[in-house]
Amino acid sequence: NSGGQRGRALSPLPGPAPGPPASFTVSRTLGEDQREYVDRKGIHVVVGHYLGEAAASPSLNLTDELVNKNEFSPLPNEGKDGSPVQIPSHMLPRMQALFRINRFNLMASDRIPLNRSLPDVRKKKCQSKQYPLTGLPDTSVIIVFHNEAWSTLLRTVWSVITRSPRELLAEILLVDDASTRTFLQRDLELYVATLPVPVRVLRSAARVGLVRARLLGARTARGRVLTFLDAHCECTKGWLEPLLSRVAGDRTRVVCPVIDIISDDSLAYVRSFELHWGAFNWELHFRWYTMGGSELRRRKGDVTEPFRTPAMAGGLFAMDREYFFELGAYDEQMEIWGGENLELSFRVWQCGGSVEIAPCSHVGHLFRKSSPYTFPGGVGDVLYTNLARVAEVWMDRWADFYFKFNPDAAAFRPKLNVTERLALRSRLQCKGFEWYLDNVWPQHFMPKDDRFFGKVRNVRTGDCLVKPTGKGSLNQPMGTASTSSCGGEDDLELVRMFVMTKEGVLATDESVCLDAPERELPAEGRERVGHIRPRARIMACSGRPRQVWKHDPQDQSLRHVSSGLCLDSPENSDEEDSMLVLNECNGSSGQQWTLEKVAWA
Ligand code: LR7
Ligand code: MN
């Protein structure tokens, strides 16, 4: 045996090559070959110097040897303190080829020591905060994986070991969801046996997906708290104590760390904004939203204080073990990936608990732009069935809304069997989704009886408002769609749907609002000419007066309250064709807007 050909050849991985897939939006170009993308969780990711479009290059036969754990030995200073890895230029072709295996820079990861150092990214106040260990429950850390790379998996484990107080760490459970890579078999077990804390490897014989894999771990866990992590995380200093102390204070709290970014390109550790909270859009895709002004001011008192979040990202959280099971654990009928984070979030909130983010706890997660693994049954079918289950069980009338506007998911509705989950919901006497919206997410932009939902159409042009998508979807001029495309009753495109609240906020999904500058008087000596008229833009909803509009059902004007100007689709707008601007109100048809209700449930 020449030593080269160990094992069978794996078939090339399906799906797109690295680099941004079509569904990603380039939000800005940073330099020659650096671009920033918004990934599928709405997080900004910089795709940098190593990988440009060029990375979509060489095809490679993925043999077992290639996906081996150790083609490159770690270098002591590589990735130190979370710094980006430098790859010598002669290795770039190899690096790009290896990227395809896990959809992140495997060569970079393999060159970083498994126990690399990371910066202490916490706020000063967090660093000095005391957490008396005697009062804290211990935890089992549960990490599920399917064909994870050796270096990322073991770096996750090492970061837990080196940065958790030993007395709080009952054990680490590695749950193998039917991986096929050989190094994750015996090699892994031999390796973990040498570690200074109990690490158990549990195996699922068949691919069960992350929900049932986590359940497998949870059922054998011995710690009082379950702490879940993805298999490509790095915990930073002091990550565990804030989570456990919140659970200790109230067992019905489900506590998430701040999720920092490990670059899929350079493996750099990038601290992310602490004051993000999670929710979702009209398609039930998880999204991050930024904490608003009043909450920010309230928090000035104590920046270490955990804050409530309507939803969790899903992968990283701590929860009391007994409470986890009392509350119905997970929906076992959920497959592979997706939806379980919303299901758990709704269930916790609606059934009496809370979900929160502890800003003093920081854990890095390696964000990828696409999944490296297979989705038995097809990615769409898997995700939509899971989401359909979430809607059907927890969302009441808003399930009808979801299915009406998401036909891909609606196709699965008749086939769902959610009897057991509905029984759980009534046994636990959980509150309804309206309660959730009103109390847990008062800033939400879901349709409701107290607000308008539908299309906003200009009388002169017949065009209707359309949410700008793609390229950096915020801070863009509000778009319009032509009469023909925003058609009639059967046009159910979500980009053309808007809500208008009692307060006069005109919003679309993902918490983006129609916005315009406060009255902008022309600078002295300057004429108020066409192109300096304030444009109507789409901005993150802020609750500020400049986002307040008033629609007059009589003259059909849509008035920008703080400036007194009217939203206008002016006739003579040659170069700014189809631009919406603010003008002095004049009653012209370009300033008339009809609010066309669309039934949603
Ligand atoms: O069939 C599978 N079996 C598995 O064991 C599929 C996946 N997995 C494992 C996988 O190896 C990984 O450890 O499950 C974990 C999550 O899968 P990823 O890392 O491919 O998914 P992700 O990071 O895109 O997933 C996010 O959304 C998922 C929805 O089901 C889960 O909730 C993930 O835990 C979640 N990750 C995070 O929340 C990290 C921060 C992301 C953000 C924002
Ligand atoms: Mn992940």
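1. Start with the overall picture. Buried residues account for 44% of the protein's 601 residues. Keep in mind that this is a predicted model. The protein has 15 helices and 28 strands. Of its contacts with a separation of 6 or more, 77% join residues 24 or more positions apart.

2. The largest nonpolar core holds 141 residues, and I142 and I143 have the most contacts inside it. Helix 11 (residues 379–394) is the biggest giver to this core, with eight residues. As background, nonpolar side chains in soluble globular proteins tend to be buried together.

3. I143 deserves a click in the viewer. Leaving out residues up to four places away in sequence, I143 touches T156, I172, L173, L174, V175, L229 and A231. One of these, A231, is also among the residues that come nearest to ligand 1.

4. Now for ligand 1. There are 25 residues around it, and D177, A231, A313, G314 and G315 come nearest. By class, the shell has eleven nonpolar, eight polar and six charged residues. Strand 4 (139–145), helix 6 (209–220) and helix 10 (340–350) each supply at least two shell residues.

5. Which helix gives the most to the shell around ligand 1? That's helix 6, with three residues. Helix 6 is twelve residues long and reaches 18 Å from its first C-alpha to its last, close to the 16 Å expected at 1.5 Å a residue.

6. Is helix 6 mostly covered or mostly open? Mostly covered: ten of its twelve residues are buried.

7. Two backbone angles are worth checking. Most residues other than glycine have a negative phi. L284, however, has a positive phi, near 60°. This leucine sits in the loop between strand 11 (276–280) and strand 12 (286–290). L284 counts as buried because 23 other C-beta atoms lie within 10 Å.

8. S511 is the other case, with a positive phi near 55°. S511 lies in the loop between strand 21 (506–508) and strand 22 (512–515). Why does S511 count as buried? Because S511 has 21 C-beta neighbours inside 10 Å, and the cut-off for buried is 20 or more.

Notes:
Residues are numbered from 1 along each chain as its sequence is written. Chains are lettered from A and ligands numbered from 1 in the order in which they are written. This is a predicted model: local features need pLDDT of at least 70, side-chain atom pairs count only at pLDDT 80 or more; totals for chains, interfaces and linings use all residues. A residue is near a molecule or strand if its C-beta atom, placed from the backbone, lies within 6 Å of it. Helices (H or I, at least four residues) and strands (E, at least two) are DSSP runs, numbered from the N terminus. Ala, Val, Leu, Ile, Met, Phe, Trp, Tyr, Cys and Pro count as nonpolar, Asp, Glu, Lys and Arg as charged, and the others, Gly among them, as polar. Two residues are in contact if their C-beta atoms, placed from the backbone, lie within 7 Å. A nonpolar core is a set of buried Ala, Val, Leu, Ile, Met, Phe, Trp, Tyr and Cys residues joined through C-beta atoms within 7 Å. The expected span of a helix is 1.5 Å times one less than its number of residues.
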